[in-house]
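Biologist: Can you walk me through this one? I'd like to start with the aromatic residues.

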Amino acid sequence: MSDNLKLNRRNLMFGVSGGAAALALGACSRTDSNGGGDGDGGSLLERAQDGETIRVAYADEAPYAYTAEDGSVVGQSVDTHVHILEQLGISADQIDWQLTEWGSLIPGLGGTHDMVIAGMYVTPDRCENVAFANPDYIMPDALLVLAGNPGGYTTLNEMADTDGVIGVMNGTSEQEIADQIYPEDRINVQGDLDSLILELKAGRLDAIALTSANLQLAADADDEIETTEGFWPKDPETGEDIIGAGAAVFQPGDTDFRDAVNDEVAKLLDDTETWESIVGEYGFTVETNHPEGLTAEELCPDTYQ
């Protein structure tokens, strides 16, 4: 990680606005915010602690949450939250993993699934619709380009000043930013990274913007592509760094569950040795990816719930 990224890692994430929010942020089916549960059946947390199954959505996105070759669901976010749930008395075999397209993770809350474990970034727009736990990691972005970087692209924001076509995944924070600073005909939106890479190799886009961890894994497996150095995207309105910080996602009515998870996140992050033993195999390090007490409320000062 560059010195600039280290110096800016505790800056707060400033909101991005615009039409992309409608793509990513569908209305949840339950909008009460008192954490009071679901009638006489008890809250989601209480039911899970009583042994009921909990439906958890993920988007098959390495290294955060993805399906391994043996069919199990693994990843940094998965392993972190399985550990956290176990501390709350909820065993791994109670989790019913729901493979879900990224753009449906939030709209499906309360319908097809009860919570999201996918390494999703905490953003002010998303906070209007859901209850985020506190971040359990931070991660800079990068660009994925053809080998040799023929366009010389460096960051998402700087590329906007060229004639290059940017590729983004539907429902991501990178799409939200691109929609504000790129003309529509220079944004190529796909549902997953594999589809974006096919578009890149076909010449229908010039670079892909996503988290550096996703893109580095892809580049390591394919000598036709490479990543740029990591960067924090800039808020188009303020010019401030947008710190990518991922967390679990709940319905606004499940804030008691979110708060219990927050307590365990804090304990885990304080124990850096245990935290790194869980996430280290996915390339995460204390120096680069530890959120250092960053909270969802700091990232969403006006929309946190």
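This is a predicted model: local features need pLDDT of at least 70, side-chain atom pairs count only at pLDDT 80 or more; totals for chains, interfaces and linings use all residues.

Biologist: How many aromatic pairs does the structure hold?

Modeller: Six. One of them is Tyr121 with Tyr137. Their ring centres are 6.5 Å apart and the planes sit at 45°, so this pair is tilted.

Biologist: Where in the chain do those two tyrosines sit?

Modeller: Tyr121 is in strand β5 (residues 115–121) and Tyr137 is in strand β7 (residues 137–138).

Biologist: Is Tyr121 buried or exposed? And Tyr137, buried or exposed?

Modeller: Tyr121 has 7% relative accessibility, so it counts as buried. Tyr137 is buried too, at 0%.

Biologist: What about Phe250 and Phe257?

Modeller: They form a tilted aromatic pair, 5.1 Å centre to centre, with 45° between the planes. Phe250 and Phe257 are both buried.

Biologist: Switching to helices. How do the axes of α4 and α11 cross?

Modeller: Helix α4 covers residues 76–87 and helix α11 covers residues 272–279. Their axes come within 9 Å and cross at roughly 135°. The two helices are therefore oblique to each other.

Biologist: Which residues make the contact?

Modeller: From α4, Gln76, Asp79, Thr80 and His83. From α11, Thr274, Ile278 and Val279.

Biologist: How do they divide into nonpolar, polar and charged?

Modeller: Two are nonpolar, four polar and one charged.

Note on methods. Residues are numbered from 1 along each chain as its sequence is written. Side-chain values use heavy atoms; hydrogens and water are left out. Axes are lines fitted to C-alpha atoms, for helices over the stretch in contact, and angles run from 0 to 180 degrees between N-to-C directions. Helices (H or I, at least four residues) and strands (E, at least two) are DSSP runs, numbered from the N terminus. Angles under 35 degrees count as roughly parallel, over 145 as roughly antiparallel, 65 to 115 as roughly perpendicular and the rest as oblique. Contact means heavy atoms within 4.5 Å. Ala, Val, Leu, Ile, Met, Phe, Trp, Tyr, Cys and Pro count as nonpolar, Asp, Glu, Lys and Arg as charged, and the others, Gly among them, as polar. Rings of Phe, Tyr and Trp (its six-membered ring) pair if their centres lie within 6.5 Å; planes under 30 degrees apart count as stacked, over 60 as edge-to-face and the rest as tilted. Buried means under 20% relative accessible area, exposed over 50%, partly exposed in between (1.4 Å probe, protein chains only).
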